[in-house]
Amino acid sequence: MASPQRFCLTTPIYYVNDVPHIGHAYTTLACDVLARYQRGRGAEVFFLTGTDEHGQKVEKAAQTKGETPLELADRVVKRFQSLWEKLDIDYTDFIRTSQERHKVAVQAIFRTIQQQGDIYLGEYEDWYCTPCETFWTETQLMDGNCPDCGRPTDKLKEASYFFRMSKYQDQLLAHIEANPDFIQPKSRRNEILSFIREGLRDLSISRTSFSWGIPVPGDEKHVIYVWFDALTNYISALGYPHDPDGNYADFWPCDVHVIGKDILRFHTVYWPTFLMAAGLPLPKKIFAHGWWTVEGQKMSKSLANVIEPNMLIDKYGVDAIRYFLLREVPFGLDGDFSHNALVHRINADLANDLGNLVSRSTAMLNKYFGGTLPAAGPPTQLDRVLQGRFPVAINQVDAQMNELAFNKALQSIWELVSAPWTLAKDPAQQERLGTVMYTLIEAVRLIGLLVTPFMPSTGAKIAVILGQTTPGSEEWGGLQAGTVVAKAEPLFPRIDTE
Ligand code: MSP
């Protein structure tokens, strides 16, 4: 399938009242792999990530630490950015909701929707915990009490602006029904369809109980509700409404918003109806992945089992972590993180399968041909069969990447990893060793190309071993006879399981 010329994808923007953990790393990593894959296919890619900085929680967290919300955000943003660097995330833009460009966009879309009559002033009722000075919604309460301190809450009324979401119920249903791929995976789509069919209510989109946020234009006592603010990042980063760099025109609607399943409703009900009301096009797809547990348990601060990605990267290497997270669990389903499973994957798939292929084939070439790649002789049936597996697998991987089926794409690539040995192990092939060697090493090059989006430094290392500056093209025969190939050091050291 031909790749689109332009491809735009986004991560959620992360709250700055938490430090990055494996869950955040997962969403961002999946986007990075897809972005690199699309770039490799020649697309011009806009890959957006960033931070969600407004709201009562951040305001409070900053207060307890004796700093301003912006000071707190500045600190946490650095932690996200340094983790992305360490994880080899190559994003195009990092939006912070505290930036002026974002404020301009949020106020503009608010005004647009208000001017055409879909925002009105009303009264909002929710539950207030006096000791914590926090408003909670009905669903956030724990047995009617404050979920933070467990004390009773009171019902309070607050003036609030409302978005006429109910008006867009039928239009949204029609859109989801007409676009089967709009919400992925399918189970999530069904969940949202039944939620909408139960009836959409108007949505409160402003608060007066705290001030760390973007003011409602023309009524500055109110700050705009965090989700209205946060979701708008996807277009504010592209330049809406003024579009100084043309990115909005070039990249909106985006190809996919990648999110976790917990924030599905915000992305598939709130966001599309805001856009409909503003007369803007909807994103093409929203894909919700599952959640990670750790050794069978929910990750939580109180269980002290939060997986800190920096520590994992230091211990196992960035490519091993990138590989594991996308290989272990089908994207879209929940998964469990365990150290045993991680070590097993590294030893079996990386050290053994991939690592051995590269080191043994380059060692053979060095032993028999002094490291200089011979020209391939006329291909035999066996060569043709092996070569023929590559275009088939490349098409398969393409289809799987388009469906964000990362684990399946890796499985398809790994079927190729074991394939070349059939040729090298056959004693009848000895006399035409030159052709066998060429085929083997060229297969290594193509496998290096295919793993590059998942493991960029491994892909680059393989290219260097093969005397190349890049992994090259996906056509068979990219390596020239006479190329000098190094004898590879093990790509992935085996991890001692004792
Ligand atoms: N700020 C909002 C998103 C606004 S987008 C307009 C938010 N932020 S978050 O920091 O709490 O979460 C961001 C992402 O991390 C979500 O997609 C969420 O699903 C993901 N994860 C958080 N914990 C996770 C796991 N344990 N496992 C997998 N992903 C998880 O929500």
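Which residues of β12 lie on one side and which on the other, and are they buried or exposed? Val 256, Val 258 and Gly 260 face one side of the strand, His 257 and Ile 259 face the other, and all of them are buried, where buried means under 20% relative accessible area, exposed over 50% and partly exposed in between, computed with a 1.4 Å probe and with protein chains only. The structure is a predicted model, in which local features need pLDDT of at least 70 and side-chain atom pairs count only at pLDDT 80 or more, while totals for chains, interfaces and linings use all residues. Residues are numbered from 1 along each chain as its sequence is written, and side-chain values use heavy atoms, with hydrogens and water left out.

The protein chain as a whole has 18 helices and 16 strands, which are DSSP runs numbered from the N terminus (helices H or I with at least four residues, strands E with at least two). Its C-alpha trace spans about 85 × 50 × 40 Å along the principal axes, and of its 498 residues 57% are buried.

β12 runs parallel to β1, to which two bridges join it, and one of the bridge partners is His 257, which stands with Thr 10; two strands are taken to pair if DSSP finds at least two bridges between them. β12 also runs parallel to strand β13 (residues 286-289), here with four bridges, and Gly 260 has His 289 of β13 as its bridge partner. Between β12 and β13 the chain passes through helix α10 (residues 264-278), and this β-α-β crossover is right-handed, in the sense that, with the strands pointing away from the viewer, the path from the first strand over the helix to the second runs clockwise.

Several polar contacts (pairs of N or O atoms within 3.5 Å) can be traced in the model. A backbone N or O atom of Ile 13 lies 2.8 Å from a nitrogen atom of the ligand, and a polar backbone atom of Tyr 15 is 3.2 Å from a ligand oxygen atom. The side chain of Asp 52 places an N or O atom 2.7 Å from a nitrogen atom of the ligand. The ligand has 670 Å² of accessible area on its own, of which the protein covers 94%, by the Shrake-Rupley method with a 1.4 Å probe.

Elsewhere in the chain there is an open sheet of four strands, in the order β5-β4-β6-β8 and with antiparallel pairing. β5 (134-136) and β8 (203-204) each have a single partner strand and stand at the edges, so one side of each is left without a neighbour in the sheet. Three bridges join β5 to strand β4 (residues 119-129), and Cys 129 stands opposite Thr 134 in β5. Helix α12 (residues 318-328), finally, is mostly covered, with 10 of its 11 residues buried, including Arg 322, Tyr 323 and Phe 324.

How values were computed:
A polar contact is a pair of N or O atoms within 3.5 Å; within protein, one must be able to donate a hydrogen and the other to accept it, and residues adjacent in sequence count only if both atoms are side-chain atoms.
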